[in-house]
Structure formats: C-alpha cells, structure tokens
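Colleague: I would like to learn how to read a model of this kind, starting with the overall layout. Please take me through it feature by feature.

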Amino acid sequence: MLESRHVEALRLLLGEKGILTAAPDLASYETGARYDRGQAAAVLRPGSTEEVSAVVAYCVRHGIPLIPQSGNTGLVSGSTPDMSGREVVLSLDRMTDGFALDIDNRSLRAGAGWRLSDVNRRLEEHGLFFPIDLGADPRLGGMLATNTGGSRFLKYGDVRRNTLGLTVVLADEAGTILHLASDLRKNNTGVDWKQIFIGTSGAFGIITECVLNLEPLPRQVATAYLVPRGDAEVMPLLRAMEERLGSYLSAFEGMSANAISAALNHVPSLRNPFERGEVPAYVILAEVSRSWAPREGEQSLDQVLEAVLAEIWESEAAPLADAFVGPAHEMWALRHALSEGVKHSGRLIAFDLSFRRGDIMGFCARMRAELPALFPTVRICDFGHVGDGGVHFNLVVPKDDIVAGDADFERRLRDFVFKVAVEDFNGSFSAEHAIGRKNQPYYDLYTARNIRDLAAGLKALLSPGALGAARFG
Ligand SMILES: Cc1cc2nc3c(=O)[nH]c(=O)nc-3n(C[C@H](O)[C@H](O)[C@H](O)COP(=O)(O)OP(=O)(O)OC[C@H]3O[C@@H](n4cnc5c(N)ncnc54)[C@H](O)[C@@H]3O)c2cc1C
C-alpha cells in the first residue's frame, strides 16, 4: 500500500484517471503473461511525457520503486511488481496520443502506449506496416524495452533495426526528458543514445514516444510446410532457400512434433494438416512474400515457391523428405498457437535461447540425448525462429509430478540447460525477451564483471532511481 500522502500528491499530478489503488483495479497489472503474480502498491497511468516526468521525479525523490509496464506480455517477469507490495506499476497504457505518419519518410512517430495490432490496422490503408510479427499483441514501449524479435526477423530484423528515435524520461530527481526522437535514418553526430534504452528492460529510462521505420505491406504471400530428412538437413535447406529466394524469404520457423501436438491437442480451432494426421518429427514453416500486387503474366508467388521446392527436392543433397504449399493464414495459425498449446499441456519451464544458426539442431539433439536421464519426466516441446538462430526451448512436466514439485527442481533444470547453451554452445540465455526477475540470476552469472560494472555505472549516471525489475548493478 502506498501512503495516503503519496496517493494524494500523485493524484494531483495525474488526475483521477491516472492512479489506481483499489485491489480489483490492480489485479490485471499484477499478473503477467506467463509466470508472474505480484503485488502493486498502486498503478500510475500518465497520459503524456510531461506527466511521466512529473510522477517519476516525485517517486524518485520519495524513494518509491517503479516498474514500467506496457502490454504486459513479457515472459521473464519484467513488467509486473514483486511480492513486496512496495513497487508501483507505471503503466504506459494511456500513452496513445500522437500518431504522426510520414509517408515520404516511411516512418511513424507514436506514443509508447500504442498496441502493435492498432498501429498496423491504421497503417494498412497506406500500404505500410511495422514489420515485427509475433503471437502476442504488445505495446510499442514494451517492444522497444525488450527489443522484440519475432517471426520475420530473417527479413526485417528486430525492433532495434527498425527504430529511428525515442523520447525517454530518466529516473532522476528532475524526471529529465531526453528528446532522441530523430526521424533520420542517417545521423552520425555523436553517441547514439537511443540504443541504451532498447532491449534493456526499462532499467535506464522510460520510453514515452518513438519514431519507427515502416515497410511496404506484403501484397503476396506464400507459405509451405517443409519436412527435412533429418537434423543435419535443416541448415542445407535454409541455405538452399536463401540462395534461390533472396529477400523474398521472410520466415523460416522450426516446429518440433511435441510442440505441434501440444497445439493440436489444446487449441480446438486448429486442423491437423499432415497426411493421416501423422505429425513429422520436425517441420519448417517457410514464408515468401513481396510487396506488389500480382501482375498479369507474372508467375504467382505460390508457383515461385513450388518451383524452388521442386528444384531443392531434385537436387543432389535432397534435404527434403516432404513439402507442401498451403494457405498462409492456416499455416501461421498453427505456428502462433504453439505457445498456447505448450502452456496448457503441463507445467511449463521455458527458455528463450539463441545460437549460431548452425548450432541450433545440435543443441536440441544434445538435450534430447541428455535430459531424459537427468530429468525423466520432462518433455521437450521446442520451436523457434531457426532462420535467425532463436529457439523457444520449452520443457513441460506433468502438473502433478512429485519430483518436479520439489522447489529445487526448476533451478537444477534451468542451471543445466543454461550451462550447456551458454558455456558449451556460446549461445544467449535471453535471445529476445530481455531481462526480468526470472532470468536475472543468469545475467549475474554469465555477464563479465567489467561489463556489469559498466552497466551499473551507466545506470547510476542516467537513472539512479529504482526503476524496472532488471538489476544491472
Ligand atoms: C504468446 C506470446 C508469444 C510471444 N512471442 C514472442 C516472439 O516471437 N518474439 C519476442 O521477441 N517476444 C515474444 N513474446 C514476448 C513479448 O510479447 C515481447 O517481449 C513484447 O515485446 C513485450 O512487450 P509488452 O508491451 O507486452 O511489454 P511488457 O511486458 O509490459 O514489458 C516488458 C519489459 O519492458 C519494460 N517496459 C515496458 N514498457 C516500457 C517503457 N515504455 N519504457 C521502458 N521500459 C518498459 C518492462 O518493465 C519489462 O521489463 C511473446 C509473448 C507471448 C505471450
């Protein structure tokens, strides 16, 4: 609970709509998308950068810890308060003022509270979109703070690659506003400060506004499920597709049989697309796209994809066991349902890993070989962005499993998987979800002392107030 003098002072700054203190109003801000359930002292909902600045200055001066929250779809316990009841959630959900589209510049200046789906709905009539695609519907501020990757990273890159500028409020006693909201793609006039705030979980400042690069909306899309002959054929298949399709190739997503089966079992709207309902051991969802409408006499994109698959099928290396082209919305529906399916098939212990692309299948094979002996009740339901080296390495244990109920079980399992991923394969323990309470111990373990010291110095310089769940100190 926040002392009543603070509640009154903050209400004066934000008005009645800007502060929530009643338990039922706090509930949705206290519960995260996956693991977390905390207790907020209050929720602040400023409506402008100036209001963010005023409340942040007040909170810093009075030692009130703040947790920035946007869409609350983050997966590492970064956007929700802890159980202490001391932390105040600073929600950006009212920051939807401003939507300045610059068509010539192919850029958008918008408040950090815009939902991705709303942004893209409004851009559609202009034939443009913000090209980050994922199975959740986050807000821009959270996407920037986590540097969201998503399924089309292969073609468009991550949020960082698509950000031109930001406005940020620092957690200092003045609530300093930094105007880094440049509309320029080329600007080398000093330190590129915006990069400090992208992918750093809100620890260095609160993003209130951004300028984003937009891309032409794809007007033609074709998708196929590809079944590689074995693990060793996945990379040759990716290379063959890249060689023949160039920048048409917009996604190359891997799905294990266990992840597909979990989605088919738990998401009733899905149809099993495989012959006789038999799910192959590993399936790739490949997508090709281009930005112009079909022209008369031009080969359709389905035909292009079919021709390329036929060439690969007949090639000497022959990495394909099966392949079929199908409707993009159905194929993506299965891919986007994997998270949901896995979540409902038991107790989920999820890892957001990345590797050099050529190491992904080797890592998964090693896990399949070693995990059963060490953790016999664990089922591996991996899927991910194979084209960019990302793996959502999900482990599921039966909800009533007694061994897995042991408090130490999850820690031992996490320690083992991260050790192999980071130490043996030189991978990342957080590919695209940034840092939160869930993976903080691994930041501490796997980040070199001098790098942690640098981050701590920067934090003290920029935002000395208690801000965010991640500790870079
Ligand atoms: C079903 C599902 C599928 C997903 N798939 C993907 C995927 O493919 N790729 C991927 O990258 N992620 C994925 N995610 C994770 C998540 O959607 C992303 O991390 C997303 O970008 C988080 O945005 P958000 O608005 O929900 O942020 P939140 O969850 O609200 O916050 C995330 C972090 O950012 C900080 N933060 C929030 N707003 C601000 C701000 N304005 N200023 C400073 N810091 C701030 C928070 O404190 C927290 O640390 C998925 C999540 C779900 C539930």
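Predicted model: local features only at pLDDT ≥ 70, side-chain atom pairs only at ≥ 80, totals over all residues.

Colleague: Into which domains is the chain divided?

Modeller: Domain bounds come from an automatic or database domain assignment. Here they give domain 1 (4–94), domain 2 (99–216), domain 3 (220–258 + 282–332) and domain 4 (346–434). Between the C-alpha centres of domain 1 and domain 3 the distance is 45 Å.

Colleague: Which residues come nearest to the ligand?

Modeller: A residue is near a molecule if one of its heavy atoms lies within 4 Å of it. The ligand has 33 residues around it, and Pro-68, Ser-70, Thr-73, Gly-74 and Thr-148 come nearest. By class, the shell holds ten nonpolar, 21 polar and two charged residues; Ala, Val, Leu, Ile, Met, Phe, Trp, Tyr, Cys and Pro count as nonpolar, Asp, Glu, Lys and Arg as charged, and the others, Gly among them, as polar.

Colleague: Which polar side-chain atom lies 2.9 Å from a nitrogen atom of the ligand?

Modeller: A polar contact is a pair of N or O atoms within 3.5 Å. The atom you ask about belongs to Glu-432. Gly-149 places a backbone N or O atom 3.0 Å from a ligand oxygen atom, and a polar backbone atom of Ser-201 is 3.4 Å from an oxygen atom of the ligand.

Colleague: How much of the ligand's accessible area does the protein cover?

Modeller: Accessible areas come from the Shrake-Rupley method with a 1.4 Å probe. On its own the ligand has 980 Å², and the protein covers 94% of that.

Colleague: Which elements give two or more residues to the shell?

Modeller: Helices (H or I, at least four residues) and strands (E, at least two) are DSSP runs, numbered from the N terminus. The elements are β3 (66–69), α5 (140–146) and β10 (206–213). With five residues, α5 gives the most.

Colleague: What is the strand order in the open sheet of four strands?

Modeller: Two strands pair if DSSP finds at least two bridges between them. The order is β1-β2-β4-β3, with mixed pairing. β1 (19–20) and β3 each have a single partner strand, so one side of each is left without a neighbour in the sheet. Two bridges link β1 to β2 (residues 42–44) in the antiparallel sense, with Leu-44 of β2 as the bridge partner of Ile-19.

Colleague: Which strands stand at the edges of the five-stranded sheet?

Modeller: That open sheet runs β5-β6-β10-β8-β9 with antiparallel pairing. Its edges are β5 (99–102) and β9 (177–180). β8 (residues 163–169) is joined to β9 by four bridges, and Thr-167 stands opposite His-179 in β9. Four bridges also join β5 to β6 (residues 107–111), where Asp-102 stands opposite Ser-107. The hairpin of β5 and β6 has four residues between the strands, and Arg-106 takes a positive phi near 50 degrees there.

How values were computed. Residues numbered from 1 in each chain as written. Heavy atoms only, no water. Polar contact = N/O pair within 3.5 Å; in protein donor to acceptor, adjacent residues only side chain to side chain.
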